[in-house]
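Hi,

Here's the structure I promised to pass along.

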Amino acid sequence: MVGGGKWWCCGDQSSGDDVADLDPVVLVSGVGGSILNSKPKSWLGITTRVWVRILLADLEFRNKLWSLYNPRTGYTEALDDSSDLVIPQDDYGLYAIDILDPSYLIKCLHVTDVYHFHDMIDMLVNCGYKKGTTLFGYGYDFRQSNRTDQSMDGLKEKLETAYKASGGRKVNLISHSMGGLLVSCFISLHSDVFAKYVNKWITIATPFQGAPGCINDSLLTGLQFVEGLESYFFVSRWSMHQLLVECPSIYEMLANPEFKWKKEPEIVVWRNNSENEQDSVKRATYGISGCVGLFEEALKDNEIEYNKKTIPLPFNQDIYKWAATTRKMLNNVQLPEGIEFYNIYGTSWDTPFDVCYGSETDPINDPSEICHTLPEYSYVDGDGTVPAESAMADGFDAIERVGIPGAHRPLLRDETVFEYIRKWLGIQELSRYRVKSSKVVDVGSS
């Protein structure tokens, strides 16, 4: 392990020499890790932040973020046709991945759940990195597949920008969670571009082989992004569920059926079985391939009301087929020669693996009931979201892999993680003093 202590780097950001000695860093967020703004197509409207926001969150989420997948284009498209969903590019892309709800109240309350890359950005700035010259952020529309042209072109442009701004120095990428899958897709599709612009790639908490417990349950019952008291003011689990059913990115994080799991992840359903006017309770289990049939059964009657219209949202077979192609791509990706790869994965947290609905005494009568049932999990070691078994199985020739005790998102503000990043970036640890946090402002989105 790297030595303990909250070491911070010393550097005069105004010194051109300090900047010139640093290779540029691009930070790549994961699922839910980018601000999304709703921008009206009419010049009369006001751009509004719809993700993340704590106040009025559920209403804005349903109105602006609920979406339908278009199999002709491969993109998930918002039901609201009066506006576009955009990622703010302020602060060289860093604003969108910094504090996900940068409103004054949330910053006053210091709701750490939405302090995403904030602490890491501060750490890098304090080490002499300069925004727009050696430090950049890449946020993206995380509803979409990890291999859309939009996401791939955006990352290519960001790499080119960082390369040129730093005077032709190769980039060091730091990705979190699903951002690691997006980078993997980029390597598969644009290996030559990656080799041209990238020197090192550090990934944190990436579900290389999927996140079985969390993703299976997300497709069946939804997801709670914010925990504790704040969750009562945030997007409801049900509202989130209706979006995730139409998100290719979620399907792409289902358990990899070709990976040799120590134990295959399962969904267990205690079902009420009626035969010859007699009820009996049956314990049904569904493996990786069998889960698809259960998803179809459970979601067959799933629907939402939007603008006084009823819209069916069953399990989307078109997305599932698209995601299966993405999985084949991920299974075969090869890291270009000369790239240094480092992997940090979370450990010591109970992480959902098998998911169970109903019980022997309170069985499920109809599969559609699952969508309104809170699950019980069996757990494995990991970061609370991604099993360590999945996160460490990157399939690359890593310079170093490190398991660090920590939860999925808090790893982004973990001191031990920072110590390893500084070590791998070759940053001198010169001082123990803390430098004042960099300023983050809400750039006009309400």
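Contact here means heavy atoms within 4.5 Å. With that cut-off, Asn-146 touches Met-152, Met-178, Leu-181, Leu-182, Cys-185, Ser-249 and Glu-252, leaving aside residues up to four places away in sequence. Before going on: this is a predicted model.

So where does Asn-146 sit? You'll find Asn-146 in the loop between strand S7 (135-138) and helix H5 (149-165). Buried means under 20% relative accessible area, and Asn-146 has 1%, so Asn-146 counts as buried.

Phe-341 is another one to click on. Its place is in strand S14 (residues 340-347), and Phe-341 is buried as well, with a relative accessible area of 0%. Not counting residues up to four places away in sequence, Phe-341 touches Trp-201, Thr-203, Phe-208, Leu-335, Asp-394, Phe-396, Ala-398, Ile-399 and Glu-400. Take Phe-396 from that list: Phe-341 and Phe-396 are 55 residues apart in sequence, yet their C-alpha atoms are 7.6 Å apart in space.

On to the nonpolar cores. The largest nonpolar core has 95 residues, and the ones with the most contacts inside it are Trp-51, Val-114, Leu-173, Phe-194, Trp-201 and Ile-267. Trp-201 is also one of the residues that Phe-341 touches. There's a second, separate core of 31 residues, with Ile-204, Trp-424, Leu-425 and Ile-427 among them.

The largest pocket holds about 1000 Å³ of space. It is lined by 48 residues, and the closest to its centre are Cys-214, Leu-223, Gln-224, Thr-385 and Arg-409. Which elements give two or more residues to the lining? They are helices H8 (212-221), H9 (237-244) and H10 (248-251), plus strands S15 (349-357) and S16 (376-382). By class, the lining of the largest pocket has 25 nonpolar, 14 polar and 9 charged residues.

Last item, a hairpin. Strands S12 (residues 303-306) and S13 (residues 309-312) run antiparallel and are joined by 4 bridges. Glu-305 stands opposite Thr-310 in S13. The hairpin leaves 2 residues between S12 and S13, and Asn-307 in the turn has a positive phi of about 50°.

That's the lot from me.

Cheers

Terms used
Residues numbered from 1 in each chain as written. Predicted model: local features only at pLDDT ≥ 70, side-chain atom pairs only at ≥ 80, totals over all residues. Heavy atoms only, no water. 1 Å grid on protein atoms, 1.4 Å probe; cavity = no way out; pocket = protein on both sides within 12 Å on 5 of 7 lines; lining within 4 Å. Points joined across faces, edges and corners; volume = space filled by probe spheres on them. Nonpolar A, V, L, I, M, F, W, Y, C, P; charged D, E, K, R; others polar. Core = buried A, V, L, I, M, F, W, Y, C linked by side-chain atoms within 4.5 Å. Buried < 20%, exposed > 50% of the residue type's maximum accessible area, 1.4 Å probe, protein only. Pairing = 2+ DSSP bridges.
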